[in-house]
Amino acid sequence: MITALPKRGLAHHVAALLASAAAVAIVTASIFALDSFAPVLSLGVLYVFAVLPVAVLFGLAYALLVSVASMLAFNWFFLEPRHTFQLSDGQNWIALAVYLVTALVVSVLAARSRAREAEAERRALEASLLAGVAGSLLETDHVQDELRRISDRVAAALGVKRARIELDSVRRPEPGESALELRAGERSVGRMFVEAEPDPEIAERVSTSLASLLAVALDRERLGRRAVEAEALRRSDAIKTAILRAVSHDLRSPLTAIRTATDGLVSTALELSESDRADLLATIDTQTRRLDQLVANLLDLSRLELGVAEPKPELWTVESLVGQALNELGARAERVDVELAPDLRPIEVDGAQIERVLVNLIDNALKFSPDAPVELVGEQLNGEAVVRVVDHGPGLSDGELRRIFEPFEQGRIPSRGSGLGLAIAKGFAQANGARLEAESSRNGGASFVLSLPSQR
């Protein structure tokens with residue numbers, strides 16, 4: 001906590017005068033006590049002990065006053081003729097002058113030492129202030145939010161009741177206020193308004209250093225905003241690229257199949273049996289579902305990339321979410337072997353998003369296990385509901401494990417799917433506070449592990 005240096009007021013001056021008088025009186029009494037044991041002229045040097053503490057505690061002005069008062073007291077009480085300010089012996093004049101000069105030199109040296117100590121204390125306070133301000137500004141991304149706390153610290157360091165920092169301010173101070181310009185080089189950062197007039201030298205040092213810190217913090221904040229904007233543009237470009245890529249390939253393929261099947265159905269030049277017509281209609285249905293899934297994936301990806309896929313948590317059981325995901329897959333779900341532990345606890349997630357995660361994981365596993373069943377295993381581990389989807393496909397290399405959740409990553413069979421399903425699954429899992437990881441088995445195949453925090 002920064003504390004201000006004490007300001008000199010009436011109480012300070014009264015205390016200084018009383019202490020000065022007391023110091024002279026104490027030394028005078030000591031000389032009276034020692035007068036019978038030592039020559040009186042040699043005792044005059046004891047008044048240095050009155051001058052020294054006054055110089056250290058109250059400054060040069062009071063030390064000089066004590067020096068003169070000490071010599072007058074020494075002359076009045078101890079030099080002949082006593083109780084007058086006249087001196088009968090020339091040697092007494094010399095002794096009195098030496099004592100006075102000695103007292104004055106001691107006063108000056110002690111006052112200088114005290115001034116250096118006070119200056120060092122002020123510098124330490126200023127350094128503590130600036131270190132605290134720098135730490136506060138480094139920890140925040142919004143400089144404006146820290147200005148009030150910084151103003152309180154600056155007010156304490158300047159020894160004023162209140163201070164207020166206003167960035168980019170050009171207003172004039174109100175009655176009872178004074179304004180300090182905050183300038184970093186040629187750049188105006190703002191103004192600091194204080195209720196009283198602080199020490200000009202201290203105010204100049206503090207305001208200059210504070211302005212530099214604020215300028216750096218404002219630049220960092222502006223660069224941070226630009227970085228966020230640049231990241232938003234990058235994400236927007238990535239989404240545009242994804243859409244263009246989907247339009248150029250993933251949309252064209254099913255559209256071509258649909259158009260071909262439709263042309264066959266409406267053509268009068270072809271004689272189609274009921275079986276042929278059924279096959280063409282099935283092709284149209286399959287490709288239409290593929291288009292619908294692709295559009296849904298693109299919309300989900302865009303929401304995740306833009307950070308607007310806010311989950312709406314509700315309490316669900318793992319069994320119900322797995323069941324809904326299998327229903328979504330239709331007849332293909334018959335190839336999925338499900339084994340869920342009976343002790344699985346409920347989870348608080350967005351049901352639609354986690355269902356999408358499970359559908360994408362199972363759909364991906366089915367694509368890579370065309371001739372083998374897919375295993376879905378659920379168990380309770382370390383306070384989490386862990387769902388593991390295992391396929392018996394070609395597996396994943398180390399490089400593929402690092403890239404598998406990136407958009408358009410398709411593993412070792414690039415012709416299947418759009419490569420968006422796993423990226424969307426990862427995004428929805430993270431949005432719900434879950435973890436999704438990929439593993440490759442030594443015996444072939446891959447497994448995707450979804451870990452969901454359970455309710456206690």
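In which sense do E7 and E8 pair, and over how many bridges? They pair in the antiparallel sense, over 7 bridges, and two strands are said to pair if DSSP finds at least two bridges between them. The legends below take this pair and other parts of the chain in turn.

This is a predicted model, in which local features need pLDDT of at least 70, side-chain atom pairs count only at pLDDT 80 or more, and totals for chains, interfaces and linings use all residues. Residues are numbered from 1 along each chain as its sequence is written, and side-chain values use heavy atoms, with hydrogens and water left out.

**View 1. The chain as a whole.**
Let's start with the overall picture: the secondary structure comes to 13 helices and 10 strands. Helices (H or I, at least four residues) and strands (E, at least two) are DSSP runs, numbered from the N terminus. Of the 456 residues in the chain, 41% are buried; buried means under 20% relative accessible area, exposed over 50%, and partly exposed in between, with a 1.4 Å probe and protein chains only. Contact means heavy atoms within 4.5 Å. Among contacts between residues at least 6 apart in sequence, 66% join residues at least 24 apart.

**View 2. Helices H1 and H4 cross.**
The axes of H1 (residues 10-34) and H4 (residues 60-78) come within 10 Å and cross at roughly 30°. Axes here are lines fitted to C-alpha atoms, for helices over the stretch in contact, and angles run from 0 to 180 degrees between N-to-C directions. The crossing is right-handed; the term applies if the near helix is turned clockwise from the far one by less than a right angle, and left-handed if anticlockwise. Residues in the contact include His13, Leu17, Val24 and Phe32 of H1 and Tyr62, Val66, Ala69 and Phe77 of H4. By class, the contact has 13 nonpolar, 4 polar and no charged residues. For this count, Ala, Val, Leu, Ile, Met, Phe, Trp, Tyr, Cys and Pro are nonpolar, Asp, Glu, Lys and Arg are charged, and the others, Gly among them, are polar.

**View 3. An open sheet of 5 strands.**
The strand order is E5-E7-E8-E10-E9, and the pairing is mixed. E5 (336-340) and E9 (435-440) stand at the edges with a single partner strand each, so one side of each has no neighbour in the sheet. From one strand to the next, the twist averages 15°. E5 and E7 pair in the parallel sense over 5 bridges, and Glu339 stands opposite Val377 in E7.

E7 and E8 form a hairpin with 2 residues between them, and Asn382 in the turn has a positive phi of about 50°. Within the pair, Glu375 stands opposite Val390 in E8. In a regular strand the side chains alternate between the two faces of the sheet. Val374, Leu376, Gly378 and Gln380 make up the covered face of E7, while Glu375, Val377, Glu379 and Leu381 make up its uncovered face. Helix H10 (residues 318-329) lies across E5, E7 (374-381) and E8 (384-390), running at about 170° to E5.

**View 4. Two nonpolar cores.**
A nonpolar core is a set of buried Ala, Val, Leu, Ile, Met, Phe, Trp, Tyr and Cys residues joined through side-chain atoms within 4.5 Å. The largest has 51 residues, of which Leu358, Leu361, Ile362, Leu436, Phe448 and Leu450 touch the most other members. Helix H11 (residues 351-368) gives the most to this core, with 8 residues. Leaving aside neighbours within four places in sequence, Ile362 is in contact with Leu326, Leu329, Val336, Leu376 and Val389. Apart from this core lies another, of 28 residues, with Ala163, Met192, Val206 and Ala217 among them.

E2 and E3 (residues 187-194) are joined by 7 bridges, and Leu180 has Met192 in E3 as its bridge partner. Ser207 lies in helix H7 (residues 200-250) and counts as buried because its relative accessibility is 4%. Not counting residues up to four places away in sequence, Ser207 touches Glu181 and Leu182.
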